[in-house]
Amino acid sequence: MKLPMKPVPPNEQQALVNRLAKACGGAYSPETRRKYFLTGPQWAAAYQGQALFHAPTREAVDFARVIEEFARIGIGYWTTHDTDVIPTEALGKDAQWEITRRIGEALRRNGVACSMVTTETFHHAVWAASPAAEAPEVRRYAAFRVANTVRIGHELGAQFAVYWPGSLGYYVQGAVEETETLRWYAEALDAACEADIETAKAKGRPTLKHCLEAKPFEPQAEILLPTSDAMLAFIGSGLLKYPAMVGLNPEYLHELMWGAAPRAALARALVAGKLWHFDINDGYRLKHDVDIAVGLVNPLDWLNVLVLLRSHGYNGPFNLDYKPPRTTSLHGVFSVSFPTAVDRFITLWEMAGDVLSDPVIGEATAALRAGSGVVSDDAAELAAANRELLTLHELIAHRMVQILIGQHRGRVYSL
Ligand code: 3MF
Ligand code: MG
Ligand code: MG
């Protein structure tokens, strides 16, 4: 290994990073990247590295720069919270429409489309007791906020609205009555759907797909809708006026955090016909929301997830909802973090295609489904009849790892 012989002065560091990023190879062209429904959040690019125990490490960046950089990288879609781009005090006012107009211009100038809008219902002090707070005035304001976001979405040409309820929960039990709070939360979503129906009609556009996003921990200690399964139950509970307009935006890490198999959680959303939008990232089980970029922690699990989605014809967005690490500079956000995340995704997506057309996996899967042909009411006899066939479970897992690491192409090491 060649180690730097001398210190790398600040004015030479970007060039070093650029050279090594290029040396990694495996990068796709912006044209190729644009063929995938990859969406880039304003908040991910503009994240400055701050957290409860962390001061920011990066300078601020506005929507014009983010949209321009996404275009350069080849990320064809942009997503945003209302307050990522519009100051809270300007929401619903003329200033909001002036900013929306400038966003529209930046999108058009760069050939980027806005695919999704979302309402921030977690950061501002007004949400201290959640968007479904006891005070009716706060709930009225929440209804205004989600309806207003829907109108912004239509103005920008979005197809999706996402809702992460954020502070829907509590730190201490007793004061909040859960059933009532859920009913109140449903009323806010009803208001969003009603604003959507009205705006879509006025503009001659289809209505948006309204997608709920669950997270098991943070920012409350206890969460009322902690998982995608809880969200599905909520959609089917009878509390919503327009359940057919409401589906899911699962986030990979949010499911992994509580201990789920993300692939199984996605399968449950698929069979319910509610997998409409997908936040992609990576991280660890039973930790906080570390929001690491896709495929950096669990590439094999990711390959499995994409095999499931490809085989079911999922054609919704893949939203790059991660946080570039605090150790990455702003230059690094756009020259290393986003492009490498996009390229790992594309490689894993294409590998999922390899898995689906792999003759070994194909034959093994078909054989498992064919069974032994031995029909019996004797449990021991049945078990014995399938014993050898079931070894294929492990063989398929091995084959997937081979495909992941390139071993199927002859990557071996001699001792
Ligand atoms: C929090 C999240 C959110 C949601 C966003 C969309 C800041 O963990 O994942 O990102 O994705 O609010 O509604
Ligand atoms: Mg998310
Ligand atoms: Mg997250």
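1. Asp289 counts as buried, at 11% relative accessibility; buried here is under 20% relative accessible area, exposed over 50%, and partly exposed in between, with a 1.4 Å probe and protein chains only. Before going further, please keep in mind that this is a predicted model, in which local features need pLDDT of at least 70 and side-chain atom pairs count only at pLDDT 80 or more, while totals for chains, interfaces and linings use all residues. Residues are numbered from 1 along each chain as its sequence is written, chains are lettered from A and ligands numbered from 1 in the order in which they are written, and side-chain values use heavy atoms, with hydrogens and water left out.

2. Asp289 is also a metal ligand: the magnesium ion (ligand 3) is coordinated by Glu251 (OE), His254 (NE2), Asp289 (OD), again Asp289 (OD), and Asp291 (OD), at 2.0 to 2.6 Å. Donors are N, O and S atoms within 2.8 Å of the metal (3.2 Å for Na, K and Ca), and since water is not among the atoms, sites may look incomplete. Along the sequence, the donor residues follow the spacing E-x2-H-x34-D-x1-D.
Helices (H or I, at least four residues) and strands (E, at least two) are DSSP runs, numbered from the N terminus. His254 is buried, with a relative accessible area of 2%.

3. Which residue coordinates both magnesium ions? Glu251 does, and ligand 3 and ligand 2 are 4.6 Å apart.

4. Around ligand 1 there are 13 residues, the closest being His81, Thr118, Glu213, Glu251 and Asp289; a residue belongs here if one of its heavy atoms lies within 4 Å. An oxygen atom of ligand 1 is 2.7 Å from an N or O atom in the Glu251 side chain, and a polar side-chain atom of Asp279 lies 3.0 Å from a ligand 1 oxygen atom. Taken alone, ligand 1 exposes 340 Å², and the protein buries 95% of that (Shrake-Rupley method, 1.4 Å probe).

5. Elsewhere, Gln220 is placed in the loop between β6 (209-212) and β7 (222-223). Gln220 counts as buried, at 11% relative accessibility. Beyond its neighbours within four places in sequence, Gln220 is in contact (heavy atoms within 4.5 Å) with residues including Ala128, Ser167 and Tyr170.

Conventions
A polar contact is a pair of N or O atoms within 3.5 Å; within protein, one must be able to donate a hydrogen and the other to accept it, and residues adjacent in sequence count only if both atoms are side-chain atoms.
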